[in-house]
Amino acid sequence: MDSKKAISFSKGLLQSEELYQYVLETSVYPRELEPLRELRMLTATHPRAMMATAPDAGQLMAMLLKLVNAQKTIEVGVFTGYSLLLTALSIPKDGKITAIDVNREAYEIGLPIIRNAGVEHKINFIESEAQPILDKLLEDHGNEGSFDFAYVDADKVNYWNYHERLMKLLKVGGIAVYDNTLWGGTVALSEESTPENVKAGRQLTIEFNKLLAADSRVQISHAPLGDGITICRRSY
């Protein structure tokens, strides 16, 4: 198996590796921009490569960004920057991204590729826990309802805290996308059959999914792309 396949199937939840590879090779990889391909391959060498956004999920995100004509976005959890680069390539030249991560070191891995792609000027990277930064943004009432799009791929224990803040920062009609909402498929397993090392994340994910399903502020779609993404459109 080549490296391209190796880093991609592990993020997929379709019924077979062959089917997931068919989707990638037929519809995703041929349309993936060169800087994104380069960063994906570079990230594959990282010990925590599984943390990267899956390319099929990224493809849908790029379409969503275009559909809402996103100009001002938030990203919570950056890692090496695949989804960040994808966003920067999708928004206009004067678009802006507030990108928050506790670890700048991982971001630095992808930064040369981001620079070469000519989109670094769109990114305001903040090395910090996310919740204080979101709270600080909300201190300026001008930020309320001003963001078009948000992507969250960070600490699962705080997903709902992030969601509550993003519902104030996003404009009506804005989109929030949450990653890892199927947690490797374990959300459908019994507690007894779930491996011990993923039980905590599984439970947090199940609880978050229930909260989103009951949230009347958003229209949702739970898509089995990558490790599961939930797309929320702010309704009011």
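Biologist: Is E120 buried or partly exposed?
Modeller: This is a predicted model. E120 counts as partly exposed, because its relative accessibility is 30% and buried means under 20%.

Biologist: Which residue forms a salt bridge with E120?
Modeller: R115 does, with the closest N and O atoms 3.0 Å apart. R115 is partly exposed too, at a relative accessible area of 47%.

Biologist: How many salt bridges are there?
Modeller: The count comes to 11. Take D148 and K171, whose side chains meet at 2.8 Å, N to O. This pair links distant parts of the chain. D148 sits in strand β4 and K171 in strand β5, 23 residues apart. D148 is buried, with a relative accessible area of 8%. K171 is partly exposed, at 33%.

Biologist: Now the cores. What is the general idea?
Modeller: In soluble globular proteins, nonpolar side chains tend to be buried together.

Biologist: How many residues has the largest nonpolar core here?
Modeller: It has 36 residues. Those with the most contacts inside it are L84, Y107, I114, I123, F149 and V177. Look at L84. Beyond its neighbours within four places in sequence, L84 contacts E75, V78, I97, A99, Y107, I114 and I123. A second, separate core has 23 residues, including A130, V152, Y162 and L166.

Biologist: And pockets? How is empty space found?
Modeller: A probe the size of a water molecule, rolled over the atoms, shows where empty space is left.

Biologist: What volume has the largest pocket?
Modeller: About 680 Å³. Its lining has 38 residues, and M51, D153, A154, K156 and N180 lie nearest the centre. By class, 18 of the lining residues are nonpolar, 11 polar and nine charged.

Biologist: Which element gives the most to the lining of the second largest pocket?
Modeller: α4, with eight residues. The second largest pocket holds about 410 Å³ of space. It is lined by 19 residues, with R31, E32, G58, Q59 and A62 closest to its centre. Two or more lining residues come from each of α2, α4 and α5. The lining divides into 12 nonpolar, three polar and four charged residues.

Terms used: Residues numbered from 1 in each chain as written. Predicted model: local features only at pLDDT ≥ 70, side-chain atom pairs only at ≥ 80, totals over all residues. Heavy atoms only, no water. 1 Å grid on protein atoms, 1.4 Å probe; cavity = no way out; pocket = protein on both sides within 12 Å on 5 of 7 lines; lining within 4 Å. Points joined across faces, edges and corners; volume = space filled by probe spheres on them. Nonpolar A, V, L, I, M, F, W, Y, C, P; charged D, E, K, R; others polar. Helix = DSSP H or I, 4+ residues; strand = E, 2+ residues; numbered from the N terminus. Core = buried A, V, L, I, M, F, W, Y, C linked by side-chain atoms within 4.5 Å. Buried < 20%, exposed > 50% of the residue type's maximum accessible area, 1.4 Å probe, protein only. Contact = heavy atoms within 4.5 Å. Salt bridge = Lys/Arg side-chain N within 4 Å of Asp/Glu carboxyl O.
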